[in-house]
Amino acid sequence: MKKIGVLTSGGDSPGMNAAIRAVVRKAIFHNIEVYGVYQGYQGLINGQIKKLELGSVGDIIHRGGTMLYTSRSEEFKTAEGRQKGIEQLKSLGIEGLVVIGGDGSYRGAKKLTEHGFPCVGVPGTIDNDIPGTDFTIGFDTALNTVIDAIDKIRDTATSHERTYVIEVMGRHAGDIALWSGLAGGAETILIPEADYDMNDVVSRLKRGHDRGKKHSIIIVAEGVGSGVDFAKELTEATQLETRVSVLGYIQRGGSPTAFDRVLASRLGARAVELLIEGKGGRSVGIENNKLVDYDILEILERPHKIEENMYQLSKELSI
């Protein structure tokens, strides 16, 4: 290949810039021209495409968000919209595309691949819900943001002897809730992959209260439901004073951790290698600290799975 493109789509995640940097510099190292597609798939349709040089990605590895910006596109969901995007790429002589994003971005890359245009997906989402990789870019940073918030909230919960319900992101995946809850010593963790019994939650709180514990932290993944609604239900069941913190978009921002910077650099570079090898229609990932790639047409058919042993451990350690 002589020319490739790179875009970010869907929700931003810390480390996307590091991945863009890796794609650009790896490609230029191999004498391949790189074009940045701005504003995601909608920008692709509109022709918002610009050639990137080494200096274009200088001083971005430490920045959150994405220098290419991002958006969601209803037009790209149509065959006509996708064909417009492909025509924009071909008009510039671009022969392959690196797509950095979550499952929605992957579905777009899958559609382009089905249209005969080679794409490689790079998993960039804080949700950690892309199959075929142990970790997605941005998950570690978001996790540490949540843990920092839990630690601060626990100080207040202890001082005021209250129960705090903390709602975290993750859409339909409970990874942020599970990992942060285990690391933050939460008394209860609610995730969409496992049913919960309010009687069990109440029993845990009462056991702690009976042995003199005056405060508790409960982590609720947004895929389970509203943290506010859960707190109301909990207050009615226990008569304990309860407060709610919905962390929201603070979880998406911030400077990426060293782990996310390295992960993004490795995955972005590997995506370019695959295109050089003529292997379009792939999804890159990391498993057991080794880079892997899978057919992007099949990867989204795999169900997201939670680490069940970790979930059981969280229950055992919060007795």
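Colleague: Why is Asp103 called partly exposed?

Modeller: Its relative accessibility is 21%, and the scale runs buried under 20% relative accessible area, exposed over 50%, partly exposed in between, with a 1.4 Å probe and protein chains only. So Asp103 counts as partly exposed. Bear in mind that this is a predicted model, where local features need pLDDT of at least 70 and side-chain atom pairs count only at pLDDT 80 or more, while totals for chains, interfaces and linings use all residues. Residues are numbered from 1 along each chain as its sequence is written, and side-chain values use heavy atoms, with hydrogens and water left out.

Colleague: Where does Asp103 sit, and what does Asp103 contact?

Modeller: Asp103 is in helix α4, residues 103-114; helices here are DSSP runs of H or I with at least four residues, strands are runs of E with at least two, and both are numbered from the N terminus. Beyond its neighbours within four places in sequence, Asp103 contacts Asp129, Ile130, Arg171 and Leu300, where contact means heavy atoms within 4.5 Å. The unreviewed UniProt entry also puts a "binding site" annotation on Asp103; such annotations may be inferred rather than shown by experiment, and their positions follow the numbering used here.

Colleague: What makes the chain as compact as a globular protein of its length?

Modeller: The chain has 11 helices and 11 strands. Its radius of gyration is 22 Å, close to the 20 Å that the globule rule gives for 319 residues, so the chain is as compact as a globular protein of that length. The radius is taken over C-alpha atoms, and the rule is 2.2 Å times the number of residues to the power 0.38. Of the 319 residues, 52% count as buried, and the C-alpha trace spans about 70 × 35 × 35 Å along its principal axes.

Colleague: Which residues of α6 meet α11?

Modeller: Leu178, Trp179 and Leu182 in α6 meet Met310, Tyr311, Leu313, Ser314 and Leu317 in α11. The residues of this contact divide into 7 nonpolar, 1 polar and no charged. Nonpolar takes in Ala, Val, Leu, Ile, Met, Phe, Trp, Tyr, Cys and Pro, charged takes in Asp, Glu, Lys and Arg, and the others, Gly among them, are polar.

Colleague: Why does Arg270 count as buried?

Modeller: Arg270 has a relative accessible area of 16%, so Arg270 is buried. Arg270 lies in helix α9, residues 258-276, and, leaving aside neighbours within four places in sequence, contacts Glu277, Val284, Leu291 and Asp293.

Colleague: And Asn128 and Asn288: buried or exposed?

Modeller: Asn128 is at 6% relative accessibility, so Asn128 counts as buried. Asn288 is at 68%, so Asn288 counts as exposed. Asn128 has a positive phi near 60°, and Asn288 has a positive phi of about 55°. Most residues other than glycine have a negative phi.
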